[in-house]
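Let's take a friendly walk through one protein chain. Have a look at the sequence and the model, and then read on.

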Amino acid sequence: MKLDKIDNSSSLEKIKRSLIIQFFKFQNKFGKYSLTKSFINAPGMIDFNERINLYELTKNHYNGHGHIVEFGAFFGSSISCFLAGLSHGKKLDKFNNNHETNFHIFDIFKTPKDSYFARFVEKISSEHNLDNFLSYESDWINFYGVFEEVVSKYKFSKEVHTMLINDMQWSYGNIEILHLDLSKDWSQSKTIAERAFIHVIQDGHILFQDFVYHWSSDLISMIGYLIKNKNIEALYTTSSDNEDIFRFVLNGDCKKKEIIDNFLVKYDIRDCKKLK
């Protein structure tokens, strides 16, 4: 089934979205619906609008034709949004019982103690009273325990891959939703495009977190190339003061691996002049 293109300028769409957001804010403040509270308040670095965007994607557009894959899970706030959407859309039981659908989660779940990121790990876990789920291993902080605690509110089938992205080999079948929320350097972007993009089904969704930041220049260049060659089509963007999510639908041509290989071999992602 081909999804209708979302028109950001549509007044009706804006009104509908505003009402949904207000509903969730009311539920979060006054309601007793624990599932709503769990994904809205799950610890992480994505804001309210982004959480609603991820929730709506699985609730309204996920059809059970492939896996849901996330690169960069952190504490599990994005996964919580996806799961709440599946649950509210009455799709979670079917998802769990289908051997062809699963959550595949890629993250090393640790950071060096003296890293810039370590400050966020300790600060956010402490604010949510989850710091006792951190473990300290030599020069590293391991936060996998926090992730497991956060997503434990949901019963869902998952496979967690604690590995570096460059070591990833995809052999699990079709992908319907692919969410990238990790550092956007060329090496990781190249690996994901080369090994995962070709498994996203036609009209599947690819989501890119932090699309507008200076550290995302490699990713932006790659996406610019794929849009120019009509491999993907932009559908929707959710913006906030701190983050941007761009959602893309994958066009059929990207199923041809030679197109991806041609890009990876012949184009230097850092040379934006070639993308004009």
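## A helix and its surroundings

Just after helix α4, Lys90 takes a positive phi of about 55°. Helices (H or I, at least four residues) and strands (E, at least two) are DSSP runs, numbered from the N terminus. This is a predicted model, in which local features need pLDDT of at least 70, side-chain atom pairs count only at pLDDT 80 or more, and totals for chains, interfaces and linings use all residues. Residues are numbered from 1 along each chain as its sequence is written, and side-chain values use heavy atoms, leaving out hydrogens and water.

Let's stay with α4. This helix covers residues 77–88, 12 residues in total, and reaches 16 Å from its first C-alpha to its last, close to the 16 Å expected at 1.5 Å a residue. That expected span is 1.5 Å times one less than the number of residues. Buried means under 20% relative accessible area, exposed over 50%, and partly exposed in between (1.4 Å probe, protein chains only). Among the buried residues of α4 are Ile79, Phe82, Leu83 and His88.

Now for the cores. A nonpolar core is a set of buried Ala, Val, Leu, Ile, Met, Phe, Trp, Tyr and Cys residues joined through side-chain atoms within 4.5 Å. The largest one has 40 residues, and Phe39, Ile68, Ile79, Phe103 and Phe156 touch the most other members. Elements that give two or more residues to this core include α2, α3, α4 and β2. The largest share, 6 residues, comes from α4. Apart from this core lies another, of 22 residues, including Ile206 and Met222.

Across the whole chain there are 10 helices and 10 strands, and buried residues make up 49% of the 276 residues.

How confident is the predictor? pLDDT is its confidence in each residue, from 0 to 100. The chain averages a pLDDT of 77, and 67% of the residues score at least 70.

Where pLDDT is low, the predicted coordinates should not be read in detail. Among the elements, helix α10 has the lowest mean pLDDT (56) and strand β5 the highest (97).

Terms used. pLDDT is the predictor's confidence in each residue, from 0 to 100.
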